[in-house]
Structure formats: structure tokens, C-alpha cells
Amino acid sequence: MVEQVIHYLKNNRNPLLERLNQFLSIPSVSTDSSHKNDVKNAARFVSEYVKEIGFTHVEEMETKGHPLVFAEYNEAGENAPTVLFYGHYDVQPVDPIDEWESDPFTPEVREGRLYARGASDDKGQVFMHLAVFEAYMKTVGKLPLNVKVCIEGEEEIGSENLYDVLREHQEKFAADFVVISDSGMVAKNQPTILYGLKGFTGIEVTVKGPDQDLHSGIYGGAVRNPVMALTHILASMKNQEEVITIDGFYDGVEPLSEEERKLISKVEGENYSATTGISETVSEKGYSAKEHTMARPTFEINGMYGGYQGEGTKTIIPASATAKITCRLVPGQDPNHIQQLLKQHIERVKPSGVEVDIKLEKLSSKAYMVEPNHPLIQKAALCYEKAFQKETVFVRMGGSIPVVEWLDKIYQTPIILLGFGTPEDRLHSPNESFPLDSFEKGMETLVYYWKEVGI
């Protein structure tokens, strides 16, 4: 059975790539209202392809924003497990357009990579699943398990309406487990099991001083400078050893076990000097850079502004200053509680002579982690190895995917993150691409996996 399916994918490589190119050519930028019809066209592409594959029920569900494609195949039988496959068809804006070496919506292959917006995130990876479903249906005539498909058009704008849809139609999307391919591998052709994601939360803090900018010669020494006050507040929140100094921040966070440290040590480390241009890495005291990025919480200032920004000098005391702060969280931390700790710390340490306004980030999520030894995870690891001919590594990721936490909260079923992207894919940046190696070996992995977990 498996050999037939893989043979079909190899024989139809070019037609499948051409169809993927049609998908990538649709400028489904969810953040830009001028692309509203393009987003609908991308949803239509998905729904028509799924119908053609042979799914018994397909619909484009309307939301308060962009449509969600739902499809169901239930002909594997009552004894077969049911998987919910999640992905998204919307993409990031292409700006700055002048940095693209080819048109972002005219796919082009260069040196073994397919260049286009969405090639890796997430159209390319969504298409791989659909192509494998097609190959099974064209050769075997059926899928090895029951499948539900949930492909949304709002992931790049925070999945604004997805949680409400999942909650209101809980039974419709219910499954024995979930598979998501919206992530990647630690290196090209290095099979990678992602068994954990960090949570996310943040705040915006504005320090307000005088009613307007003041002459620094006349008022300096009498009026507190909001920019200086803000820097004092921020400096009190993390020390030079990368330890977060907010009372209670680490409560509930368990130290890394020796077993997990061994798992992380097997992962090929990134050459940060080459990829980022930094001279050396810094990490929380007692942890390596890999351990910190994968499995320890972080506190970062994402932006800070206030006062004069133009050329030359303007001698003022600014009226206000603002900083945007985000934290990546690990299991044991609640994002709402962390926001309150940040707020309490700021109110406690703020200097006199200024007022502080704090806005809480609405899009927050808890961390997610599945046991690496779970049978569904172990089967995925073996299927990766069979396709890529290399031992699978196990990692937690520093990023956050809110839908993972929502699915876990609503359904409490295992979520398997089968990603095939690479660090060189330039997600959200000009010249996004996807290696054709990942496209081919990734589909082979999926062929093996569906057979392993099906009947």
C-alpha cells in the first residue's frame, strides 16, 4: 500500500508542484482588506481541492472575518481513529517588496528551493497533506484513518475568530488527536519532533510626565524625565545574567530534568554568529542558549520610544515614553498571572514625579507540552527517520502557536507538530522559500505516518 502511494507522489511530482504554484499565486494576505477577495479565492482553492480528493463533506464556514475550510472523511470505519488536521491558507504581507529577488506571488525554483510568499508558512506544508490524501485516494481508494480538516484564513492576524468557532462547534471538530504542520526542523533534512511550545503574553507601559515637552535647560533638575524613569523601571526587571527579577515570575516553573537536558543536547546548535551577526550568545545563568530558548521563560523589550528622534539635537524633557514588553512562558506559568506580576512590579518601582499607564496584551496563550514518549510522537519520529534516513531529534520551540493551546484546552487530545520547514526559509521576510527536499521527504513521512496511526 505505502509503496503505491509514494510511487504516485514521485510520478506526479511536477503536476503537484504546478498545483502548489497555483495556490501560492493567490495573494491571500489576511492583514490587508484590499486582499479580501484573494483570501476568499484561497479558501475556495482549498475547498475545491479537498472535494476533488474525495472528502465526503466540505464547507467554507463563514466567520466574522475570513472563511474557514472544514472537511470530513469518515469512510475508514468506526474502528479507525480520527485525526483533525489544522493549517492556514493566509499569508503575511510582502513588504518590503524591493527586497524580493522574484515576485512573491509568482513562484520560482532556484537552487532547490521554491520561492514565494507562503511557500513554507503555511501553504506549502498544508498542500503536502492534501497531496498525500490525494495519493492515497488515487491508488488505494481510501485513507487509512478518518480525517477532519480545519484550514483557516486568519492565523497571521492571531486567529481572531477560530477559538469561538471551535468552542461553538466543539463536536464537529472533535478528533482522537490533532496534527499540525506549521513549524519546522532545526536544520535542513534533520527530522525534528517539536514536543513543546512556549506560551505568550505582554504589556505596553507608558510613563507620563509633563503636559508637553519642556526645555531641558529651564526644567532639567526640577522635572522627572519620563524616558529616564522608564529606563529605571525596565532595568529593574531583568539583570545582566538574564535572570528575570520580578517577584513570583518563576513560581511554578520546574527546573529542567536531566533527561530533558540530554534530549536538548542532541540537537544541533544554531550558529548564531552566522545567522544573526552577534559576537556571542547570552542566556539565563545556569542554562545553555539552547536550553534557554527551548525550555526557559524569557522577558524581552520589543520596542521603546519617547522624545526627539530626528537629526541633530533637540534639548527637551519629553512628555512621555513607551515600551512594549513580551514574555515567552513555559509550563507552570499562567499568562494572566504573569501580566499582573509585571504590572505590580512596575507600580512598585516607578519613580516619583511621573504617572504610569499599563495596557495588557489581549492575545495571550499558555505553553503546551506533550510527553516525548507518547506513542503517537514515537511513531512520528520513526516515520521521519524512515523518510529522511537520519535520527530524529526532540525539541521544544521558543515560539508560540495560540491555536495549539486552544485545541488542548477544548479537546484535551494529543497534538502532534509535524513540521518540515528549515531555519533558512525566511518566514515573514522577503524571499520566503521552501526546500524541495522537505517537500518530497515530508510527503513521504506523512504517507508512512498515516499508515502507522491508521488501520
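I take two strands as paired if DSSP finds at least two bridges between them. Strands (E, at least two residues) and helices (H or I, at least four) are DSSP runs, numbered from the N terminus.

**Basis.** I am working with a predicted model, in which local features need pLDDT of at least 70 and side-chain atom pairs count only at pLDDT 80 or more, while totals for chains, interfaces and linings use all residues. Residues are numbered from 1 along each chain as its sequence is written, and side-chain values use heavy atoms, with hydrogens and water left out.

**Entry 1: strand S2.** I looked up the pairing of S2 with S1 (residues 57-61) and found the two strands antiparallel, joined by five bridges. Val58 has Ala71 of S2 opposite.

**Entry 2: Asn161.** I located Asn161 in the loop between S6 and helix H5 (162-168). Its relative accessible area is 11%, so I record Asn161 as buried. Leaving aside residues up to four places away in sequence, Asn161 touches Thr63, Lys64, Gly65 and Glu154; contact means heavy atoms within 4.5 Å.

**Entry 3: Ile401.** I found Ile401 in the loop between strand S16 (393-397) and helix H14 (402-411). With a relative accessible area of 9%, Ile401 is buried. Residues up to four places away in sequence again being excluded, Ile401 touches Asp182 and Leu197. I also noted a C-alpha separation of 9.1 Å between Ile401 and Tyr368, which are 33 residues apart along the chain.

**Entry 4: helices H2 and H3.** Two packed helices are described by the angle between their axes and the distance between the axes. For H2 (residues 13-24) and H3 (residues 36-53) I noted an angle of about 150 degrees and axes 10 Å apart. Axes are lines fitted to C-alpha atoms, for helices over the stretch in contact, and angles run from 0 to 180 degrees between N-to-C directions. H2 and H3 are therefore roughly antiparallel, a term for angles over 145 degrees. Leu16, Arg19, Gln22 and Phe23 of H2 meet Ala42, Phe45, Val46, Tyr49 and Glu52 of H3.

Technical notes: Buried < 20%, exposed > 50% of the residue type's maximum accessible area, 1.4 Å probe, protein only. Parallel < 35°, antiparallel > 145°, perpendicular 65-115°, else oblique.
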